[in-house]
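Trainee: I would like a close look at one part of this model, the place where the two chains meet. Please also go over what lies beside it.

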Number of protein chains: 2
Amino acid sequence: MKDIKVSSVGERALISRLSEIFKAPDGKEKGQEGVLIGAGSDDCAVLDLKGEDCLVVTTDMLHRTTDFPEEMTPWQMGWMSAAVNLSDIAAMGAEPTGVVMAIGMPADTGVAFVEELAKGMQACAEFCGTAVIGGDLDTHVELTITGTALGRVKKSQILLRRGARPGDLVCVTGYTGSAGVALEALQSKKPVSETILKTLFEPIPRTKEARKLAESGAATSMMDTSDGLAMSLYDLARQSHVGFRIRENTLPILREVREFVSSSEKLTELALYTGGDFELLITIDPQKLKKVQNICNLTVIGECTKYETGIVLESPGYKLTTIEQRGYQQLKAEPVDKSS
Amino acid sequence: MKDIKVSSVGERALISRLSEIFKAPDGKEKGQEGVLIGAGSDDCAVLDLKGEDCLVVTTDMLHRTTDFPEEMTPWQMGWMSAAVNLSDIAAMGAEPTGVVMAIGMPADTGVAFVEELAKGMQACAEFCGTAVIGGDLDTHVELTITGTALGRVKKSQILLRRGARPGDLVCVTGYTGSAGVALEALQSKKPVSETILKTLFEPIPRTKEARKLAESGAATSMMDTSDGLAMSLYDLARQSHVGFRIRENTLPILREVREFVSSSEKLTELALYTGGDFELLITIDPQKLKKVQNICNLTVIGECTKYETGIVLESPGYKLTTIEQRGYQQLKAEPVDKSS
């Protein structure tokens, strides 16, 4: 029997297998009295700081060919490398406390290029109220950047993927599908505005919005939408054991995105299944909606249902279709070759 | 004028340039009231946890072709990826509190290979009393692993690269040159023992020893020797503003390493200028030497002198030669092409 390849397993399944290795047989993470949330189940791992706070930590590896469209400047690559991690810190409701950056680069990379990278990283970190506090440099065949971000949040305020209950309202910050349309425009060489391109090239971690949502006490669960809205709904559903009914005509989509596409099917495809938006997906206790309505640009897009109901999209004509579990996955699960 | 390439600048010089970007014009790191030690000056960045403790964090990127000799097993690659980071945590005198691992791998990597990697990572983390608490997986042209380790230490006990004073004793844990001779044996296809190979393939982070040294109150500065003893001496010298007189005949070298080489010049070369040993280099207040003598296998190899005296090696015949600033650097500084 041939060894199974990672490409035939998929990212989330492989994470789940590795998470078992990082756990003791009794299910408790090994050697760590202080681990509140371990590998694989949330945007960040969570460590107990013994007082009223906990520490959250996340890491993300990016590569030039797969993660940075050709049109990006080195400053934007730096910004993006910090943003992907700071968005995960925000998703926990935490205040970022520092970022470290490991950079592998071809030996013929210009010093000016690396300095621009660093300036972009620092700019994004500063935007989120923190800084790049350390890192590592080495040579590598392809520009590869691994950022790790740390954050701090009161245990009473931390927001996890679990916690949503049937009846809670589902909300997103900002707009969905903007980064997806930017990528499609680049690939098809169609013109789009600077605003749309920036959602893809310089995504804004929702640090301030997330802190306010965490402080409000109204949110029951939260994560970011960087892998696409549909994937995030599936992740929340699995951890919270709920289903979702999403109302198609409430999805917040920029006018330019609506005008870019030729059909409503295509629009729904963009809004649900493309990644890169770095918005927050939040579930809200309906009794406390007032507390969060003025915090930021927040749209109610549906509600939590029972787990058994699944994850469905309600059309303007009240037709229900299942939202599929697909979007951005680094390790795509390909059909297994049955003959092997 | 052509853009200067990173390969003509060298790792330490480039780190120093980037550290300027990660600092505000007034020299204080931006946006971070809580940063005690920022990018570029120590084994770890240090964050103030507001109480009596601080948090230390370090990151290191490894690649299959440049960091893992062909003979290494996937389990050993995993162990090594955790060890390089946990050694940096030890070097601060800190207790490790968690490791996160970002893994980029070719799509045709076997699941069994990745599971062995994960087991090696977890084994090393457990050996150091901690665990892998999170990570990231994606596909990449070459196996690339970025580990990030966190640790915690009382502010009153933290050991930095600065702090050594003229008159302090210089000590190292374990032996020097063992990993270097292992690498040379592999390259020249000469036989060496399993013990020697293991120093290269499964380096032991000196976590427990480091904690005891930090608790003793006798150490004035500390770092690890992963880039080689000479490079570490230069790093300590720069941060502590001291010089060193190292006594050649006190360097702790395994008998097998002595027997492997043909000349005493070659032996000194191995002991000073090869990396991979992951031992601790410590300076000790001579009044307090007794407090640390029984902590672990610790050898006094010389003493701190005035900065102006430089870093010198004293031969058994009392001849002094300058120890050169060279060893393991990821970005090797090559001679600049004057014609460009």
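Trainee: How much area is buried between chain A and chain B, and what share of it do carbon and sulfur atoms give?

Mentor: This is a predicted model, in which local features need pLDDT of at least 70 and side-chain atom pairs count only at pLDDT 80 or more, while totals for chains, interfaces and linings use all residues; side-chain values use heavy atoms, with hydrogens and water left out. Residues are numbered from 1 along each chain as its sequence is written, and chains are lettered from A and ligands numbered from 1 in the order in which they are written.

The size of an interface is often given as the accessible area lost when the parts come together. Here about 6100 Å² is buried between chain A and chain B, with 66% of that coming from carbon and sulfur atoms. Buried area is the accessible area (1.4 Å probe) that two parts lose on being put together, summed over both. On the chain A side, A:Phe22, A:Ile133 and A:Leu137 supply 10% of what that chain buries against chain B, more than any other three residues.

In terms of contact (heavy atoms within 4.5 Å), 77 residues of chain A meet 77 residues of chain B. Between the two chains, 21 residue pairs are in polar contact, both residues being at pLDDT 80 or more. A polar contact is a pair of N or O atoms within 3.5 Å; within protein, one must be able to donate a hydrogen and the other to accept it, and residues adjacent in sequence count only if both atoms are side-chain atoms. The elements of chain A that give two or more residues to the side touching chain B are α1 (11-21), β1, β2, β3 (53-63), β4 (95-105), α4 (111-127), β5 (132-139) and β6 (144-154). Helices (H or I, at least four residues) and strands (E, at least two) are DSSP runs, numbered from the N terminus. By class, that side of chain A has 38 nonpolar, 22 polar and 17 charged residues. Ala, Val, Leu, Ile, Met, Phe, Trp, Tyr, Cys and Pro count as nonpolar, Asp, Glu, Lys and Arg as charged, and the others, Gly among them, as polar.

Two salt bridges are found across the interface. A salt bridge is a side-chain nitrogen of Lys or Arg within 4 Å of a carboxyl oxygen of Asp or Glu. One pairs B:Glu115 with A:Arg17, with 2.9 Å between the closest N and O atoms. B:Glu115 sits in helix α4 (residues 111-127) of chain B. Leaving aside neighbours within four places in sequence, B:Glu115 is in contact with A:Arg17, A:Leu18 and A:Ile21. B:Glu115 is buried at a relative accessible area of 18%; buried means under 20%, exposed over 50%, and partly exposed in between (1.4 Å probe, protein chains only).

A:Asp48 pairs with A:Lys155 (2.6 Å, N to O). A:Asp48 is partly exposed at 22% relative accessibility, and A:Lys155 is partly exposed at 31%.

The loop between β1 (35-37) and β2 (45-48) of chain A holds A:Asp43. An unreviewed UniProt entry lists A:Asp43, A:Thr58 and A:Asp88 under "binding site". Those three span 46 residues in sequence, yet no two of their C-alpha atoms are more than 7.0 Å apart, so they gather at one spot. UniProt positions are given in the numbering used here, feature names are shortened, and annotations may be inferred rather than shown by experiment.

A:Asp43 is buried, at 8% relative accessible area. Not counting residues up to four places away in sequence, A:Asp43 touches A:Thr58 and A:Asp88, along with others including A:Arg161 and A:Asp224. A:Asp43 also belongs to a network of salt bridges with A:Asp42, A:Arg161, A:Asp235 and A:Arg238. A:Asp88 lies in helix α3 (residues 74-91) of chain A and is buried at 9%. The side chain of A:Asp88 makes a polar contact with that of A:Thr58 (3.2 Å). Beyond four places in sequence, A:Asp88 is in contact with A:Asp43, A:Cys44, A:Thr58, A:Asp60 and A:Asp224.
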